[in-house]
Amino acid sequence: MADYATSIHIDAPPAVVFAHLVVPERMVAWMGHRASLDPVPGGEFSVDIGGSLVRGEYLEVEQDRRVVVSWGMAGSEDLPPSASRVEFVLTPVPGGTRVDLSHTGLPETRLAGHADGWVHFLSRLTSTAAGDDAGPDTWTR
């Protein structure tokens, strides 16, 4: 198994960034085309991203501080629903929020694609959480 981790700075307070991780309309502003989210432990985490159906559940939700979800792809043999884990840690910093992301438990064959995806989507999160329009998402698998 492989892990991916990165950090970004967003020019918005943690409460705004947190909303982009738990509110369906805000989620699809930066990632995916459809989202069904129930941000409580055990609640549904379902996001359709460029033809991939990400399926999992919320594992931990700490208001404005931390979100952990299980992550996998419907119909995938090597990364089925809930097979990996994504954690967002939000830390207030001068001028905004530092977001530390870790995606653990990925099959080695999926690491490069997910790393590329996270670079793409975190750039969009940086824009949308700061109040900009990231435009239509062009990500495809």
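I began with the aromatic residues and noted that F45, Y58, W71, F88 and W118 form one aromatic cluster. The model is predicted, with local features requiring pLDDT of at least 70 and side-chain atom pairs counting only at pLDDT 80 or more, while totals for chains, interfaces and linings use all residues. Numbering starts from 1 along each chain as its sequence is written, and side-chain values use heavy atoms, with hydrogens and water left out.

**Aromatic pairs**

I searched the whole structure and found five aromatic pairs (rings of Phe, Tyr and Trp, the last by its six-membered ring, with centres within 6.5 Å; planes under 30 degrees apart are stacked, over 60 edge-to-face, the rest tilted). I looked up W71 and W118: the ring centres are 5.3 Å apart and the planes stand at 45°, so this pair is tilted. W71 sits in strand β5 (residues 66–73) and W118 in helix α3 (residues 108–129), so the pair ties together parts 47 residues apart in sequence. For these elements, helices (H or I, at least four residues) and strands (E, at least two) are DSSP runs numbered from the N terminus. I noted both W71 and W118 as buried (under 20% relative accessible area; exposed is over 50%, partly exposed in between, with a 1.4 Å probe and protein chains only).

Next I took F88 and W118, whose ring centres are 6.0 Å apart with planes at 80°, so the pair is edge-to-face. This pair links distant parts of the chain, F88 in strand β6 (residues 84–93) and W118 in helix α3, 30 residues apart. I recorded both F88 and W118 as buried.

**D137**

I then turned to D137, in the segment after α3. Its relative accessibility is 14%, so D137 counts as buried. The D137 side chain makes a polar contact with the side chain of H120, at 2.7 Å (a pair of N or O atoms within 3.5 Å; within protein, one must be able to donate a hydrogen and the other to accept it, and residues adjacent in sequence count only if both atoms are side-chain atoms). Leaving out residues up to four places away in sequence, I found D137 touching G32, H33, H120, F121 and R124 (contact means heavy atoms within 4.5 Å).

**Whole protein**

I counted three helices and seven strands, in the order β-α-α-β-β-β-β-β-β-α from the N terminus. The C-alpha atoms fill a box of roughly 40 × 30 × 25 Å along the principal axes. Buried residues make up 45% of the 141 residues.
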